[in-house]
Amino acid sequence: MGTVTLGVSIAVPEPYGSFLQERRAGFGDPAAHGIPTHVTLLPPTEVDASVLPAVEDHLARVAAEGRPFPMRLEGTGTFRPLSPVVFVRIVEGAEECAVLQERIRMESGPCARELQFPYHPHVTVAHGIDEEAMDRAFVELKEYEAAWMINGFALYEQGADGVWRLDREYPFGTDEQPDGASPMVPRQAALTRPAAPHR
């Protein structure tokens, strides 16, 4: 049956999502159009395809216990020199994200895994590009601000082309998306473009 690479994240809604995605592309990040603008809850994780139903059931239970919370972005930060990343900072909602990711990665669940670095919620705007472009991302978005309510999270699967595609949405307080409800995950049009090859 093979394996699949999954990720769980909170989507950055429009108009913020597409704006930050286009800025990421403008800084020269080749991954920009293969990754929706997001806050990671579960980093890329390879699992056996047969485990996917258990993963979906687990995420539905986590979401059912969740409640909406506000998120606010403000300014930039970086993980350099430890990791070549520039990001927009989360100044409200970080604690709620930390709780969610712990529940998703609980040891007794199908998404249990160790993290390479301590969890630090953020919105990546540049990753693995040259230092000059990283510096530009850090400076040009240092005044950036955005705020919205988080109503749930989503499961994504990475395709063979490197593009992350939506698998299922998980609204808080319910086991499934109500009929006729508006999608929580922004349909960022740029994601229909092929992912640029990694350098």
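**Start with confidence**

Colour the chain by pLDDT, the predictor's confidence in each residue, from 0 to 100. The chain has a mean pLDDT of 89, and 86% of its residues reach 70 or more. Now select residues 176–199. Here the pLDDT is below 50, yet the stretch has 49 contacts in the model beyond near neighbours in sequence. Contact means heavy atoms within 4.5 Å. Where pLDDT is low, the predicted coordinates should not be read in detail.

This is a predicted model: local features need pLDDT of at least 70, side-chain atom pairs count only at pLDDT 80 or more, and totals for chains, interfaces and linings use all residues. Residues are numbered from 1 along each chain as its sequence is written, and side-chain values use heavy atoms, leaving out hydrogens and water.

Strands (E, at least two residues) and helices (H or I, at least four) are DSSP runs, numbered from the N terminus. Two strands pair if DSSP finds at least two bridges between them.

Zoom in on strands 1 and 2. Eight bridges join this antiparallel pair. Find Ser9: Thr40 in strand 2 stands opposite.

**Helix 2**

Select residues 52–64. Helix 2 has 13 residues and reaches 18 Å from its first C-alpha to its last, close to the 18 Å expected at 1.5 Å a residue. That expected span is 1.5 Å times one less than the number of residues.

Which residues of helix 2 are buried? They are Leu52, Val55, Glu56, His58, Leu59, Ala60, Val62 and Ala63. Buried means under 20% relative accessible area, exposed over 50%, partly exposed in between (1.4 Å probe, protein chains only). The buried residues pack against strands 1, 2, 7 and 8, and against helix 3 (94–104).

**His122**

Last stop: His122, in strand 5 (residues 122–127). His122 is buried, at 17% relative accessible area. Show its side chain. One of its polar atoms lies 2.7 Å from the backbone oxygen of His120. Not counting residues up to four places away in sequence, His122 touches His38, Val39, Thr40, Phe79, Phe87, Val88 and Ile90.

How values were computed:
A polar contact is a pair of N or O atoms within 3.5 Å; within protein, one must be able to donate a hydrogen and the other to accept it, and residues adjacent in sequence count only if both atoms are side-chain atoms.
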